[in-house]
Amino acid sequence: MSLVLLTIVLALGWAAVTGSFTLPNLLLGALVSVACLFVVRQYVSRPHVLPRALRIAALAWLFIIELVVSALRVARLVLRPDLNAHIRPAIIAFPLSVTRDAEITLLANLITLTPGTLSVDVSEDRRFLYIHAIHVTDREAFIAEIAQGFEAKVRGACN
Amino acid sequence: MIAELARYLGALLVLAGALFSLIAAIGVLRLPDLYTRLHAASKAGAIGAGLILLAVAVVSFDGAVVLRALLGIVFLLLSTPVAAHLLARAAYRCGEAPTATTTVDDLK
């Protein structure tokens, strides 16, 4: 079921990128999709694709909202005349509770595009994510906010 | 009527996108070090370019162009944070020190 759905989505993506929605082109797209899915078959044949898709959509929506808020905040910040009084940068080690590479990558990307935070590095043992924040007053509150917000959502979308 | 509305909406989106790109540039000029500058470049910059692509989608009235513009936005949002992260990481590993007002540095 999930593979059929993926094939359709990928074929539509193919038609979008090549810019032609004719039947032969859609069939060619489906053919290419099947070939690609065959190559990565061991990674995509997981059950429960639909509930996960919904959670991923929720995460994507949250991400867009956060990105807009983030851009507005950066805009307001850099237009202040007394800019340097309003920034207190810090690089903070965030203890990761997600463990898989895909989850860490997703979390790091979400953090980078949200207000005032930027992923700098992951420790060798993958236990800490180093985050640069543009204005930190309370370190514990900062860590708790990410753990309860994005990290919880990432775990929901990936499991 | 719809075409007229789409043109105005498109113009508005292009202006907003250009404004965010300008703000990103001002941020890069005014912020004190590489890490804080990346905040401006990655966020305001991504929104600016995204809005301009969205404007293309709104004014084109061509399904293929709309889908490609939307795909462009998706790829932009996927690649911008990776680029910012790699720049920050490479800079830190090369010994670029954060600005003196930085309060905590756990990476040291």
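This report covers the domains, a helix pair and a sheet in a predicted model.

## Basis

Local features need pLDDT of at least 70 and side-chain atom pairs pLDDT 80 or more, while totals for chains, interfaces and linings use all residues. Residues count from 1 along each chain as its sequence is written, and chains are lettered from A and ligands numbered from 1 in the order written.

## Domains of chain A

Chain A splits into domain 1 (2-44) and domain 2 (49-158). The bounds come from an automatic or database domain assignment. Over C-alpha atoms, the two domain centres lie 33 Å apart.

## Sheet in chain A

Three strands form an open sheet in the order β1-β3-β2, with antiparallel pairing. Strands (E, at least two residues) and helices (H or I, at least four) are DSSP runs, numbered from the N terminus. Pairing takes at least two DSSP bridges. β1 (90-95) and β2 (117-122) are the edge strands. β2(A) and β3 (128-133) of chain A share 5 bridges. A:Leu118 has A:His132 in β3(A) as its bridge partner.

Helix α5 (101-112) of chain A lies across β2 and β3, at about 145 degrees to β2(A). Angles run from 0 to 180 degrees between N-to-C directions; axes are lines fitted to C-alpha atoms, for helices over the stretch in contact.

## Helix pair in chain B

α2 (34-60) and α3 (63-93) of chain B pack at about 175 degrees, with axes 9 Å apart. They are therefore roughly antiparallel (over 145 degrees; under 35 is roughly parallel, 65 to 115 roughly perpendicular, the rest oblique).

Technical notes. Two residues are in contact if their C-beta atoms, placed from the backbone, lie within 7 Å.
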